[in-house]
Amino acid sequence: MTDSAPSAALPKTLLASLALPALLLLTSCGESSQEQSPAEDQEAEQAETTELDETAPGEDPVEEEQAEEEQPEGTDSEGAGQAISMAEVESNDSPDSCWAVLDETVYDLTTWIEEHPGGEARIEQLCGTDATEDFGAQHGGDSAPESQLAELEIGELEG
């Protein structure tokens with residue numbers, strides 16, 4: 001009978017030595033030895049989704065950060081209502097950074113240069129200027145160009 005006692009202890013020792021690594025493996029994989037209720041599962045899933053995707057669909061945080069860097073100091077990505085000096089407009093007078101004033105509103109025309117149906121030169125000549133007269137002569141009363149401009153507004157002219 002003394003032979004059966006050591007053999008019974010062997011399986012318990014073997015099981016105990018395997019149990020700890022198995023528990024550690026399950027824990028590291030995000031599993032736990034206890035079951036969660038469906039409500040807890042749903043809460044955990046929502047928390048993970050929120051942590052992983054803090055942006056709305058279609059938004060790219062990198063693009064937003066780059067766009068904010070291109071905005072004039074003191075403006076946000078919406079830009080409406082921000083005061084911008086004429087000197088600052090005049091300093092953005094190239095195709096790489098093209099701002100223009102139309103009726104006391106400042107617009108960033110940089111992205112529109114390549115899209116303008118009348119050609120790039122038509123917009124490039126307006127960079128860094130008050131383009132109210134030129135725009136009025138070309139597009140006066142036409143609603144399509146005015147609605148396109150609304151998307152490019154970055155602020156109001158100071159003073």
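Strands β3 and β4 (residues 105–108) pair in the antiparallel sense over 4 bridges; helices (H or I, at least four residues) and strands (E, at least two) are DSSP runs, numbered from the N terminus, and two strands pair if DSSP finds at least two bridges between them. The model is predicted, with local features requiring pLDDT of at least 70 and side-chain atom pairs counted only at pLDDT 80 or more, whereas totals for chains, interfaces and linings use all residues. Residues are numbered from 1 along each chain as its sequence is written, and side-chain values use heavy atoms, with hydrogens and water left out.

Strand β2 (residues 93–94) runs antiparallel to β3 and is joined to it by 2 bridges. Ser94 is bridged to Ser97 of β3, and a hairpin of 2 residues connects β2 to β3. Strand β5 (residues 129–130), by contrast, runs parallel to β3, with 2 bridges between them; here Val101 stands opposite Asp130.

Strand β3 is mostly covered, as 5 of its 6 residues are buried. Buried denotes under 20% relative accessible area, exposed over 50%, and partly exposed the range in between (1.4 Å probe, protein chains only). In a regular strand the side chains alternate between the two faces of the sheet.

The largest nonpolar core comprises 14 residues, and those with the most contacts inside it are Cys98, Leu102, Tyr107, Leu109, Ile123 and Leu149. A nonpolar core is a set of buried Ala, Val, Leu, Ile, Met, Phe, Trp, Tyr and Cys residues joined through side-chain atoms within 4.5 Å. Strand β3 (residues 97–102) supplies the largest share of this core, 3 residues. A second, separate core of 7 residues includes Ile84, Trp99, Val101 and Val106. Leaving aside neighbours within four places in sequence, Leu109 is in contact (heavy atoms within 4.5 Å) with Cys98, Ala100, Ile123, Leu149 and Leu152.

Helix α7 (residues 143–150) contains Ser147. This serine is partly exposed, with a relative accessible area of 44%. A polar atom of the Ser147 side chain lies 2.9 Å from the backbone oxygen of Ala144.

Key. Polar contact = N/O pair within 3.5 Å; in protein donor to acceptor, adjacent residues only side chain to side chain.
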